[in-house]
Amino acid sequence: MKIFYIYLILTLQFIYATQIESNEKLTLLSQKSTWLKLLYYDLDKKESDVISKDYFLAKDGQKNPLKELKATIEAYSEAFVDQNHSTCRFPARYKWLSKQIELKNYKEINPKCKELIESIKETKIDSLSLMFVSGYLGNPASSFGHSFLKLNKKGKNLNNLFDLSISYGADVPKNENIFSYIFKGLTGGYRASFSDKYFFSQDLIYSNNEFRDIWEYELDFSKEQIRFFQLHLWEILGKKLQYLFLNKNCGYQISKMLEVIEDETFVDSANFWFAPIETFHKLMQIDNSRINNKIVKSKKFHPSEEKKLYKRFQKLSKLEKKATTYLITKEMKEKLNRFELTDLNKIDILDFVMNYYNYMITKSKEKKKYKKLKREALLMRFLLPTKRESSFKFKNISEPDKDKKASLLSTTFNYTKEREKYLSIAFSPYSISNSNNELKVLNIDAKISKETISLREFTLFDVKQFNYYSLPFENNLNLSWQTEATLKKLNIKDKSYYDSSLKVGFGKSWSFTNEAFLFYTMLNLSAHSYSREFTSGIEIGTKLNLGRVQLKANLENLVKLSEKELSYDASILTNIEIEKNKNIFFKLEKNINEPWLFSTGLKFYF
Amino acid sequence: MKNFLKKSIIATMALGVISTNTLAEDRDLGQIFTECGLGGIIGSGISDRETSKVMAVITNVTWDLGTTATTSALTDACSNRKVRVANFINQSFEKLEKEIAQGEGKYLDTLANLVNEKKSSTVEYSQKLRSEFFTIVSKKGYDKLSRFEKVEKLYSIAI
């Protein structure tokens, strides 16, 4: 009997000791980065970004990674009843777990999980590409660009159009009004999910209908990583997460998805803001720190249909351009026979014309007219030999990772004509300037004097779109435009006032020398709160990009509409790039009601 | 992956219904669209109000508000071949119209490969399609057809 009790005590101690060890081990496992990434666990919020209850096995699995881990392990051994078994729902979790602990009779894919097996069979992935879609100023939500993943298949004769693509986006009801859209997007009023569609849908929307460029970064992941991704995709596709336009957006969640399979951090910090382009900066930052095992295998540029159209016209010969203009401006029934053209000439002309009419069908309100004209061009083209359209190389196109980072901090020394000197500091979470557009939001510019820090200027938004692509026969004006909302401190007769203003402008712009030189003119109208009046102005401006040096100058002739009083605003700015994300600048400016101001300082992009 | 698998099951059932009918029924694009739940009319078709067939038109494109942040209500990744062809033609019709006239192009190649399993026959397929589509486009009244009707005509010769 004594021996029995001694044996019982020793057995209980052994069991107790083993359990403590298991609990410790599980606690450590539940804190591992891969496990937290699989759960989309936000370390700051201390809960998962996923809100779908069926993504979790534990009751409070959304907030407790340890409980979720234990529930996942327990569920593994449960009897198989149907396709809702945990091994069918969470194959990636078990794949990872199988390397951490012993899972009895573990198989990567449970043979009873028919739907999972069918899906894996149907979605062959050879590599992944990270895609960046350029910004679209026609829609606030699209202004900062978009990113998605493309799952590449090789060996199939389908080009890449039937590659699957994975996007993250909000479930926006049809016909949502713009104010509700902005409010809910900013405050978390939308649910979102990862969804799949074939790449041709993305190509048609972005390239053909919104005329946006796409950059493709093919990523060099191992077969093991791709397999893990494929299993994880099955787990997460369709599950709901909370959408926040500023920081829990497409760029953020696509980055988080990549973090599941690559042991790197693609999102350093997104407490307030994360722009899709930041993933690309981070990718290159990681690659630049590695000698081997680079993540980015190759980069490819997919120009928008609009860009291709203008390039196609540029590449026509002088005679072809003349004949094209004639065909488009006269009745289509006018034959090309009046020109001495070969079949190849006619093919190039008609290929351009059909593309032009497709472009106008999308852009113009006169769709019926252009569809009819397109048909006439089609009929002419049918009678000519088959030939594939030429493709073109685009030079001087800046890769997303080579662009400056999105947020801007500047420190400035200012000197006025009246010999006042002071420092100022400015910050904007998003400030970009390309050859054909500029966008700055939420810029705060503060004056630092010995006694105080005071607001100089707050810019809610400052948007400029320079549409300089034009064809000689285009009837539409293809206008450039700008809009700006600011709150500015004015010093008038030794007193300070704040003036909030809203400005809109429309005009024309022209670009030369491969978009290195831009000239524009705009007709502006502004409303001012301080003087409670409108001002109107004709602005002319120029931008010159000489590589590391950029010059900007503008002059606006202003008229106060009520008093017909003339004034002017003018500025000239020189930016010199010291490093990729660091500039030194010199600026001379004159604003209405203000004396001439010279400023110089540093700009840091981060 | 999950959504398209479910859709392929629905599509297979739908095609099972369709295949019990006559050849004319096989060419009913509207049935494929409603039963497979495909709807995303992209591009010029979205403003085509002349479409007379009843279909589950669900678009993931809200032109006023852009497309960056929106998700598709339904995935169009349907694995059944006929449904894929129907969806592809519907979404990329304007591109296909142009490339068929040209006789070559990425979208035409994709259609040819979708319809024909063997690579060697895609050139012949493209040539035949070009010839038949020319007949359709050159017919009087082509301009008056709705977008859906044009898509249907192309589908009927493509498949």
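Q: What makes helix H12 (residues 305-315) of chain A and helix H14 (residues 343-363) of chain A a crossing pair?
A: Their axes come within 10 Å and cross at roughly 145°. Axes here are lines fitted to C-alpha atoms, for helices over the stretch in contact, and angles run from 0 to 180 degrees between N-to-C directions. A helix is a DSSP run of H or I with at least four residues, a strand a run of E with at least two, both numbered from the N terminus. Keep in mind that this is a predicted model: local features need pLDDT of at least 70, side-chain atom pairs count only at pLDDT 80 or more, and totals for chains, interfaces and linings use all residues. Residues are numbered from 1 along each chain as its sequence is written, while chains are lettered from A and ligands numbered from 1 in the order in which they are written.

Q: Is the crossing of H12(A) and H14(A) left-handed or right-handed?
A: Left-handed. That label applies if the near helix is turned anticlockwise from the far one by less than a right angle; clockwise would be right-handed.

Q: Which residues of H12(A) and H14(A) meet?
A: From H12(A) come A:Glu305, A:Glu306, A:Leu309, A:Arg312 and A:Phe313, and from H14(A) A:Phe352, A:Asn355, A:Tyr356 and A:Tyr359. Contact means C-beta atoms, placed from the backbone, within 7 Å. By class that's five nonpolar, one polar and three charged. Nonpolar means Ala, Val, Leu, Ile, Met, Phe, Trp, Tyr, Cys and Pro; charged means Asp, Glu, Lys and Arg; the others, Gly among them, are polar.

Q: How do you know what span to expect for helix H15 (residues 367-382) of chain A?
A: The expected span is 1.5 Å times one less than the number of residues. For the 16 residues of H15(A) that gives 22 Å, and the end C-alpha atoms are 22 Å apart, so the two agree.

Q: Which residues of H15(A) are called buried?
A: Among them are A:Tyr370, A:Leu373, A:Ala377 and A:Phe382. Buried means 20 or more other C-beta atoms within 10 Å of the residue's own, exposed 12 or fewer, and partly exposed in between, with C-beta atoms placed from the backbone. Their cover includes H14 of chain A, plus helix H5 (93-102) and helix H7 (122-138) of chain B. Across the 606 residues of chain A, 34% count as buried.

Q: How many residues link domain 3 of chain A to domain 4 of chain A?
A: Six residues of domain 3 are in contact with four of domain 4. The C-alpha centres of these two domains lie 40 Å apart.

How values were computed: Two residues are in contact if their C-beta atoms, placed from the backbone, lie within 7 Å. Domain bounds come from an automatic or database domain assignment.
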